[in-house]
Amino acid sequence: WFTECMGAGCPIKIESRHQLMVQEDCPASFNTPVSSSCVRVSPYACQRRTPLRDINRIFTDAFDIMAENYEFWESKGPRVAYQRASAVLKSLPFPIVTMKDVEDLPHLREEMKYIIEEIIEDRKSSKVEEVRSSERYKSFKIFTSIFGVGLKTTEKWYRMGYRTLEDITSSNCLKFTSMQKHGLLYYEDIASYVTKKEADAVERLIKTIIWGFVSDAIVTVTGGFRRGKNIGHDVDILITCPQKRDEIQILHKTINSLKKMNLVLFHDIVESTFDDTKRPSRYVDSLDHFQKSFLILQLQKEEENTYIHKPNKSEAQRSWKAIRVDLVVTPYEQYAFAILGWTGSQQFERDLRRFASHEKKMMLDNHALYDKSKHLQCCELQMIVYEFLGIG
Ligand code: DCT
Ligand code: MG
């Protein structure tokens with residue numbers, strides 16, 4: 001039902017989330033190279049088309065490293081600025097060749113243009129190389145990639161003098177949470193990519209289990225795979241059912257079934273913290289309040305499984321691979337908003353919320369769309385369509 005809603009007398013079909021984006025004025029095709037002079041780039045990611053293949057990766061990788069490093073220093077302003085600039089470059093349908101190509105782009109600060117200039121001239125930026133080779137960045141990159149390890153723990157370990165994964169695993173004085181223990185146990189598998197084929201296998205498994213006890217449940221793979229990516233770091237799955245009594249039990253039942261099949265290597269359930277009186281959050285990066293489970297599943301390898309990456313040592317020896325899966329259960333009436341919020345990318349979501357707030361005087365989160373001028377009234381899905389297409 002998410003894909004169809006009724007307009008003024010005629011049904012509006014939403015084939016994909018991309019229809020919510022407003023097309024650029026320039027009729028440029030994204031398959032054919034176009035010049036920078038005919039492209040107008042919106043400051044909002046939700047008004048831009050972003051091709052899956054990033055033709056300016058040499059620049060966006062550099063900006064992503066800068067953003068990550070600022071995140072490691074908990075400098076939110078510069079982190080968001082670099083993420084935003086990186087997203088702008090990812091949307092470009094032409095390769096950056098000269099500085100003229102970037103002169104009119106939004107969100108590009110002088111220091112960022114300097115990095116672009118360095119890369120155009122030398123294929124690399126001294127500032128980015130300095131960050132990339134710094135001991136702190138390298139250690140933070142490793143520690144934060146462990147499932148269950150956030151910035152606070154990373155900071156603590158770094159201050160204690162730990163630098164490498166081996167330092168952590170061989171330490172006698174560190175205490176780990178259960179999540180971290182499992183993160184370390186399956187580190188190589190989790191740090192490597194989940195392929196589309198593996199995501200499809202997880203989707204089939206979860207659907208078979210769920211439809212075994214709730215035949216009308218809706219199960220959708222979201223995140224990067226819904227955007228058409230071929231690889232990801234996890235599989236994000238949204239679940240809902242029309243009957244409230246089914247919704248309440250569905251997550252626990254699913255995990256029990258997975259356990260009976262001996263497929264659960266780790267799981268953690270976070271119960272819903274949904275409180276209607278405390279919403280919406282004005283913070284564009286705020287998390288949602290759905291019931292969810294963070295899992296590590298043991299996925300049996302298929303015979304014909306072809307790796308798009310080199311299998312790591314432990315992965316090559318086993319008949320299974322550890323896969324990170326997020327299961328999220330949403331109330332039926334909030335499902336459309338949850339899908340919108342969980343499809344990503346992170347920058348798309350952030351800008352969608354900023355766009356709603358700054359341009360439409362509304363507030364959007366993963367639960368609803370609120371009209372600020374009408375005492376935070378919850379709206380219907382079709383309102384999203386009308387508002388964002390500007391046809392209300
Ligand atoms: N999300 C968000 N804000 C965040 C993190 C996530 O809005 N700070 C949304 C967008 C994507 C979705 O949740 C799932 O998150 P991830 O799995 O982290 O992102 P992804 O795009 O699926 O990336 P990957 O392909 O690496 O899994
Ligand atoms: Mg994901």
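## A walk from Lys-361 through the helices

Lys-361 sits in the loop that joins H15 to strand S10 (362-364). Helices (H or I, at least four residues) and strands (E, at least two) are DSSP runs, numbered from the N terminus. The model is predicted: local features need pLDDT of at least 70, side-chain atom pairs count only at pLDDT 80 or more, and totals for chains, interfaces and linings use all residues. Residues are numbered from 1 along each chain as its sequence is written, chains are lettered from A and ligands numbered from 1 in the order in which they are written, and side-chain values use heavy atoms, with hydrogens and water left out.

Lys-361 has a positive phi of about 55 degrees, although it is not a glycine. Its relative accessible area is 48%, so it is partly exposed. Buried means under 20% relative accessible area, exposed means over 50%, and partly exposed lies in between (1.4 Å probe, protein chains only). Asn-262 is another non-glycine residue with a positive phi, here about 60 degrees. Its loop runs between helix H12 (244-260) and strand S7 (264-270). Asn-262 counts as exposed, at 60% relative accessibility.

Now step back to the other end of H15. Ser-345 lies in the loop between H14 and H15. Two packed helices are described by the angle between their axes and the distance between the axes. Helix H14 (residues 335-343) packs on H15 at about 125 degrees, and the axes are 7 Å apart. Axes are lines fitted to C-alpha atoms, for helices over the stretch in contact, and angles run from 0 to 180 degrees between N-to-C directions. H14 and H15 are therefore oblique to each other. The cut-offs are under 35 degrees for roughly parallel, over 145 for roughly antiparallel and 65 to 115 for roughly perpendicular, with the rest oblique. Leu-340, Gly-341, Trp-342 and Thr-343 of H14 meet Glu-349, Leu-352 and Arg-353 of H15. Contact means heavy atoms within 4.5 Å.

The buried residues of H2 pack against helix H1 (57-72), helix H3 (110-122), helix H4 (126-132) and helix H15 (346-360). Of the 15 residues of H2, 11 are buried, so the helix is largely enclosed by the rest of the structure. Among them is Ser-86, at 0% relative accessibility. Ser-86 touches Thr-60, Phe-63 and Asp-64, not counting residues up to four places away in sequence.

Strand S4 (residues 218-221) holds Val-219. Val-219 is buried, at 7% relative accessibility. Its contacts include Ile-206, Trp-211, Ile-237 and Tyr-335, leaving aside residues up to four places away in sequence. Thr-177 is 42 residues from Val-219 in sequence and 30 Å away in space, C-alpha to C-alpha.

The magnesium ion (ligand 2) has Asp-234 (OD) and Asp-236 (OD) as its protein donors, 2.1 to 2.2 Å away. Donors are N, O and S atoms within 2.8 Å of the metal (3.2 Å for Na, K and Ca); water is not among the atoms, so sites may look incomplete. Both aspartates, Asp-234 and Asp-236, are buried.

Finally, the chain as a whole. The protein chain has 16 helices and 12 strands. Buried residues make up 50% of its 392 residues.
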